[in-house]
Amino acid sequence: MKYPNLHLIVYVFTLVFLSSCQKDQDLFTQAIEDNIQEEIISEENSEEENVSDEQDSNGDVVTDPGFATELKAFPTAYGAGAYAEGFRGGQVIHVTSLEDNYNNVQEGTWRWAITRDYPRIIVFDVSGEIKLSGRIVLNSRNSNVYIAGQTSPNGIMISGYSHYWSGANEVVLRHMKFYGDPSRRIAPNDPSSARRQLLQFVSPSNVIVDHCDFVFNDNEAINFYSSERTVAGGATLQNCIIGEGDTGVLMAGDECNTTLFGEYSAIRNLFVHISHRVPNFSANVKGESINNIIYNSRARLSRVSCTAQANFYGNYYKAGPATYFSLANRINLVRDDDGASVYIDNTYWSFMTGKVESSSDTATDIFNAAESGTNVAKTSQPPVSSWSLSSPVEISGLRPEIMQNNVAFDYVLTNSGARQYLNANGAAPVLYDSKQQQYFDDVIYGGNTNGSGSDYGFDMGVYDPPVINQVSRSSSYDTDLDGMPDEWEIANGFNPDVDDSAGDMDGDGYTNIEEFLNLVDF
C-alpha cells in the first residue's frame with residue numbers, strides 16, 4: 001500500500017536536507033564509491049510516483065519506491081505472521097533446475113534450496129513444473145527463509161507429493177503453485193500411507209504464505225498445526241487460491257486439545273470447489289477470517305471448536321451447484337459446549353448467497369451452534385450471547401483494512417493467487433494461468449467446470465493442471481548472482497558486479513534485494 005502524502009513529505013525534506021548539506025552529500029558519494037555502509041536519508045524519483053503497466057511492458061525501468069511504512073516481512077504483509085524477518089540479510093541462492101531426486105539432491109534444485117540450514121532468500125532462474133520424486137520433510141533448522149516465487153520468469157508449479165515442515169520459523173512463501181497429483185498419492189520415501197496435505201506447518205512462528213495456489217489435494221490443502229512440543233507463534237495465509245481439494249485449511253489441527261496454542265490469520269483468500277474447512281480453528285488458538293471468498297462448498301464452511309476464539313469480518317459465501325444440506329448445517333458452526341466462541345463484526349457482515357439468501361446482518365445468518373463433537377447444528381439454538389464475543393480477539397501482527405464483502409469479492413478475484421513475476425527492469429506483469437481463470441469464471445458465473453459435488457479432490461476423476469512455460473534466465477541476467485537483475489541494479493545505482501543484496505542503500509530497513517522483491521507490492 002502506498003502513502004503518497006508521506007512520500008511527498010519525505011521527498012521535500014530530502015531536497016531541503018541535501019541543498020543545505022552539500023558537503024555531506026559529497027561525503028556520501030565517496031562512501032558509496034568506497035563501499036562503506038552508512039545510514040543515509042536519500043530518495044530519487046521521477047515526478048510521477050506510479051509507473052503504469054503499459055510503461056513497464058514497453059521497457060521502462062521501475063525504480064525503488066524508496067520508502068517503507070513499517071518493517072514487515074514485505075509491505076503488504078498482514079496478520080499473525082506479518083513480521084517474519086529471519087531471512088533478512090541472508091544468502092541469496094538460486095534455483096536453476098526443475099529436476100528433483102530425493103535420493104541424489106543436486107545443487108540448484110528446489111529440494112536443495114529449501115533444505116539448506118542457514119538464513120537465505122531463494123530466487124528462481126527458471127520457470128515450469130517441478131515434479132517431486134518424493135515427499136519433502138523439513139524442520140526448524142531449515143527456517144529463516146524467503147521463497148521468492150515472483151522471481152521466476154513465468155512461475156513455478158511444484159506437483160506431486162507433500163511438504164511437511166516441523167518448527168517452521170521466520171518463513172515467507174510467495175507466488176508459488178502447489179498441485180497434488182492423483183497418480184502420485186503415496187510418496188516412495190513416506191513410511192505412512194496416510195493422506196497428506198500439500199503443505200503442513202507444525203508449530204509455525206512468524207510464517208506468512210502469500211499469493212500462492214493450492215490445488216487438487218487429497219486431504220487439507222494446508223495445515224497449520226500447533227504442537228505440544230513447540231509453542232506456536234503466528235502464521236498468515238493471505239491472497240491465496242485453494243481449489244478443487246478434499247478440504248481447505250486447518251488452523252491448529254482438528255482435535256480438541258486445550259494445550260495447543262497459536263495465532264492464525266486467513267485474509268483475502270479464494271476457496272473454490274472445496275468441501276469444507278475454509279478455514280477451521282480449533283484447540284486453544286486465536287484466529288481471524290477476513291474478507292475471504294468461499295464458493296461452491298459442499299458440507300459446511302468454517303468450524304470453530306474446542307476453546308478456540310476467532311474473529312470473522314466481511315467474508316463472502318456463495319453457494320454453487322454442489323452446495324447442499326440445509327442452511328443450518330452448511331453455514332459456519334461453533335461448538336459452544338466445548339468453549340469455542342467467535343466475534344462477528346456486523347459492520348462488515350458476511351452472508352450466504354446462492355440457493356438460500358440471507359436478508360439481514362445478524363450473527364445467526366452465518367453461524368449456528370453445533371452439538372459437541374459433531375458437525376450438526378443444534379435443533380434448539382442457544383442465545384447468540386452464549387458463544388459470541390462482544391469485542392474482537394486480539395491477534396498479533398497487523399490487521400488489514402477491512403472491506404465490505406461486495407468490495408472484497410471484486411478485490412479477491414483480481415488479486416489472489418500466484419500471478420506476478422518480475423522482469424529485468426523491475427516490472428511485475430500479471431500472468432493468470434488457465435486454472436486460475438477457470439476458477440474466476442466459475443465464481444462469477446456460478447459454474448462448476450469440473451463437476452465437483454459428491455466427490456472432491458482426487459476422487460473427482462479430473463486432473464487438468466495448467467501448463468507453465470519452461471524458461472531459463474541467461475547468465476547475463478544477474479551477473480553477480482545477488483538476486484537482482486543487472487538492468488534494475490544499474491538503474492537504481494547498485495553495482496551489477498558486486499553482491500550488494502544485503503545492503504540497505506536507502507536506510508529504510510528493507511535490504512536492497514527486498515526492494516526489488518517488493519516491487520510486486522506496488
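Mentor: Start with one cut-off. A residue counts as exposed over 50% relative accessible area and as buried under 20%, with partly exposed in between. Keep in mind that this is a predicted model.

Trainee: Where does Cys 256 fall, buried or exposed?

Mentor: Cys 256 has 52% relative accessibility, so it counts as exposed.

Trainee: Which cysteine does Cys 256 pair with in a disulfide?

Mentor: First the general idea. A disulfide is a covalent bond between the sulfur atoms of two cysteines. Here Cys 256 is joined to Cys 306, with 2.3 Å between the sulfur atoms. The torsion about that S-S bond is about 75°, so the disulfide is right-handed. Cys 256 sits in the loop between β16 and β17 (263-267), and Cys 306 in the loop between β22 (303-304) and β23 (309-313), so the pair ties together parts 50 residues apart in sequence. Cys 306 is buried, at 1% relative accessible area.

Trainee: How many disulfides does the count give?

Mentor: The count is 1 disulfide.

Trainee: Now the charged side chains. How many salt bridges are there?

Mentor: For a salt bridge, look for a side-chain nitrogen of Lys or Arg within 4 Å of a carboxyl oxygen of Asp or Glu. The count comes to 17. One of them joins Asp 521 and Arg 174, at 3.0 Å from N to O. Asp 521 lies in the segment after α9 (512-517) and Arg 174 in strand β8 (residues 169-174), so this pair ties together parts 347 residues apart in sequence. Asp 521 and Arg 174 are both buried.

Trainee: What does Lys 435 form a salt bridge with?

Mentor: Its partner is Glu 244, and their closest N and O atoms are 2.7 Å apart. Lys 435 is in helix α7 (residues 434-445), while Glu 244 is in the loop between β15 (241-243) and β16 (247-251), so parts 191 residues apart in sequence are tied together. Both residues, Lys 435 and Glu 244, are buried.

Trainee: Which residues are linked in a network of salt bridges?

Mentor: Find Glu 85, Arg 88 and Glu 514, which are linked in such a network.

Note on methods:
Residues numbered from 1 in each chain as written. Predicted model: local features only at pLDDT ≥ 70, side-chain atom pairs only at ≥ 80, totals over all residues. Heavy atoms only, no water. Helix = DSSP H or I, 4+ residues; strand = E, 2+ residues; numbered from the N terminus. Buried < 20%, exposed > 50% of the residue type's maximum accessible area, 1.4 Å probe, protein only. Disulfide = S-S within 2.5 Å.
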